[in-house]
Amino acid sequence: MTTQLDRPRSGVSRRAVLAGMGAGVGLLAAPAIVRAQAESIRIGFPVPLTGPYGAEAKDQVKSAELAVKLMNDKGGIAGRKIELLVRDDKLNAGEAATRTLELIEKDKVHAVVGSLSSAVQLAVNEVTRARGVIYVSISQSDTINEAKDFSKYTFHEALNPHMTTAAVARATFKKGAKIAFLVADYAYGHEMLRGFKRAAAEIGAEVVGEILHPIGAADYSTLMPRIRSMKPDILAICNFGRDQANAIKQANDFGMKKQMQIIVPVLLYNQRIAVAPEVFEGVIGGANYYWELENTVPTAKAFNAAYKAAYGTVPTDYGAYGFTGVSALLLGMEKAGSTDTDKVIDALQSLKYDVAKGPQWFRACDHQSVQSVLVLKSRAKSEMKGDADVFEIIANEAPSEQMLRTCAELGFPT
Amino acid sequence: MDLELILMQLFSGLALGAILVMVALGLTIVFGMLGIVNFAHGALFMVGAYAGLWIAAQTGSFWWALLVAPIAIGVLGMLIERFLIRPLYGRTPDDPLLLTFGLGYVLVESVRITFGTDGIPFSAPEELQGVVDMGIGYFPVYRLFVMGVVAGVLVLLWLALEKTRYGLIIRAGARDPLIMRVLGVDVSRLWLLVFGLGVGLTALGGVLAAPMRSVSPEMGTLVLAEAFVVTVIGGMGSLLGAVVAGLLVGVVVSMTALFAPEMATIVMFALMAFILLVRPQGLFGRPGLGA
């Protein structure tokens, strides 16, 4: 079944819609009053509102609230209204675990969606697994899919490093090409490096060197001469957020782009906006979402329009995770017709959904969302048709379980 | 590993060191003259970068930003000294330390509220973009420019301290403020100027760093740690120490990056620990003064 959310009712406030709806229901059907007054469905949403990923987290909240609003506009789920409980996890694993526990114990949430960093996500996962609460994760991680960390309660909505690196490699690597790596020395960097190297081996590209740098380094200048001396055709920069912006900026200062193609596993809209177009010009990277998808995907067009009506801007890539993650959960609850954990898990396992980027579904063995992967190229300033026209979609890989590591490889019994 | 690469690496280290010197200078001047450990130094570096950004956006010129921002933030520094730090003179050293520590947080939050938590784009002026072939490899023009500015500031600072009457008074005031007061010199005005100068220098560092690193409210945090390391290695309060230690740390970091890049950040702390063991007062520090 493919479900599509309604188009937004622009210009009508959520409150007005709810009030009108409540009145209408009350007049028409007395039994419905009971349902309308039934306990609301509460979804916990821990994200790092403060700290370096604050911008992404705020976009996730906006998108998640939009998903909730659209479902409430349709009358909620089985007459129950949905509520989003946003909490600041401060990009700290301990804080995230505490907030999640509070959400479960005190606020009695029916499910948790959220968290943006891989370390924090694993902490949330520990808590939800121990308490038997459904968790839809919206941050890239490979380990969360592996059998040793698997929980039947956890669904992984975000792409994972294996998927993005493979797609970017297929779009840029060639047989015999020389690849150098600049890698942030922590889990995320290592996972991205592993993904790229695996793709390089498959394609027949040659790895000429890898340099690890400490996370959060301010200056990458001292690494540039050595990268240049490796004479690579492609430089893969495997880090995130400001580290990525600084590394690309300084590679650009050293004139590296004239000699090599710079690629990144994940190209972020917000990061591109925070730095200048000329710095990112020509950089290629993977993404889960880009607003221009609306030219080919109807649900993207509907999502963009709803987002624009609510917030006046285009949705961002990491922000979109908030929408697809919450929407998937709500569709699962709708399909199950209740918030009963086991029923919702069953519903999610067999759910096919298309809410913003084409068809998606959760793979049975590891609950990874199978979905399209975009490869984007950053536009030159002269090619931009507007402030939001920052990337060009150079590849859109259709969803397929082939793009994931096999269940056996992740350690699941087959 | 060929010679050209090693030379290039050395040079990158000196360029990195120049930036470290710029940040450590203000910290060490204020400590040397006023005996205050300024924990807001990194935040003021960041505020300098944002002030530069704002001025560049208003005037459309990087050069105005480079000139006006350090002066404006220097004046802000004087206000901070006059109204926040001055009431604390004569108390234990912990009081100004706590005050500046808190002030740093206030500054970072104010910038977050005003400019948001995302970075803001800031590029080097057109005429300083690109690379230059140095014979041993390509090097960004802008980084050469930064080295030049830092060298110029050092010469001016040295001339001002060694060759002018004010410089003489400042040096004497750092040695023995009581005698200076007895001789009829207004020491508090002196301290006001010195603090303003220290803050202005770090703001200049911020403006210089802005086109190389992304401008964000957190950019001062790392810089503060680096500045302390350089200051401790050079000897707290020693200007010559700040210069030598800044360049030394830059080169050591750079050479480490060549052989074990993942150690590049840790090595500066290892160097500091080693220096403290061998020479607790730092390379050029006077024993008993801050050691």
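In this predicted model, Gly130(B) counts as partly exposed, because its relative accessibility is 39%. The residue sits in the loop between α4 (94–115) and β1 (131–133) of chain B. Leaving aside residues up to four places away in sequence, Gly130(B) touches Phe139(B), Pro140(B) and Val141(B) in chain B, and Asp253(A) in chain A. Val141(B) is eleven residues from Gly130(B) along the chain, and the two C-alpha atoms are separated by 5.9 Å.

Val141(B) also belongs to helix α5 of chain B, which covers residues 141–163. The 23 residues of this helix should span 33 Å at 1.5 Å a residue, and the 32 Å between its end C-alpha atoms therefore agrees. An α-helix has 3.6 residues a turn, so residues three or four places apart point the same way.

The contact between the two chains was examined next. Chain A contributes 30 residues and chain B 34 residues. The size of an interface is often given as the accessible area lost when the parts come together. Here chain A and chain B bury about 2,700 Å² between them. Carbon and sulfur atoms account for 54% of that area. On the chain A side, Thr222(A), Arg226(A) and Arg242(A) supply 22% of the area buried against chain B, more than any other three residues.

Within chain A, the UniProt record places the feature "domain: Leucine-binding protein" at residues 40–379, in an unreviewed entry. Over residues 40–379 the chain is 44% helix and 20% strand. The end C-alpha atoms of this stretch are 45 Å apart.

One open sheet of chain A has five strands, in the order β2-β1-β3-β4-β5, with parallel pairing. Its edge strands are β2 (82–88) and β5 (154–156), each of which pairs on one side only. On average, neighbouring strands are turned by 20° against each other, direction ignored. Strands of a sheet pair through backbone hydrogen bonds, either parallel or antiparallel. Strand β1(A), residues 41–47, pairs with β2(A) over seven bridges in the parallel sense. In this pair, Pro46(A) stands opposite Arg87(A). Two bridges join β1(A) to β3(A), again in parallel, and Ile43(A) stands opposite Ala111(A). Strand β3(A) runs parallel to β4(A), residues 134–137, and four bridges join them. There, Val113(A) stands opposite Val136(A).

In a regular strand the side chains alternate between the two faces of the sheet. Strand β3(A), residues 111–114, has Ala111(A) and Val113(A) pointing one way. Val112(A) and Gly114(A) point the other way, and all are buried. Helix α3(A), residues 54–73, lies across β1 and β2 of chain A and runs at about 170° to β2(A).

A second open sheet of chain A has seven strands and mixed pairing, in the order β7-β6-β8-β9-β10-β14-β15. Strands β7(A) and β15(A), the latter at residues 391–397, are its edges, and each pairs on one side only. Neighbouring strands of this sheet are turned by 20° against each other on average, direction ignored. Strand β6(A), residues 178–184, is largely enclosed by the rest of the structure, because six of its seven residues are buried. Seven bridges join β6(A) to β7(A), residues 206–213, in parallel. Ala184(A) has His213(A) as its bridge partner in β7(A). Five bridges join β6(A) to β8(A), also in parallel, with Leu182(A) partnered by Ile237(A).

Helix α7(A) lies across β6, β7, β8 and β9 of chain A, running at about 165° to β6(A). The helix covers residues 187–203, and its 17 residues should span 24 Å at 1.5 Å a residue; its end C-alpha atoms are 24 Å apart, which agrees. Its buried residues include Tyr188(A), Glu191(A), Met192(A), Leu193(A) and Phe196(A). The cover over the buried residues of α7(A) includes the helices α5 (118–131) and α6 (161–172) of chain A, as well as β6, β7, β8 (234–238) and β9 (261–266). Just after α7(A), Gly204(A) takes a positive phi of about 95°.

Conventions:
Residues numbered from 1 in each chain as written. Chains lettered and ligands numbered in written order. Predicted model: local features only at pLDDT ≥ 70, side-chain atom pairs only at ≥ 80, totals over all residues. Heavy atoms only, no water. Pairing = 2+ DSSP bridges. Axes fitted to C-alpha atoms, helices over the stretch in contact; angles between N-to-C directions. Contact = heavy atoms within 4.5 Å. UniProt positions renumbered as here; feature names shortened; annotations may be inferred. Expected span 1.5 Å × (residues − 1). Buried area = accessible area lost by both parts, 1.4 Å probe. Buried < 20%, exposed > 50% of the residue type's maximum accessible area, 1.4 Å probe, protein only.
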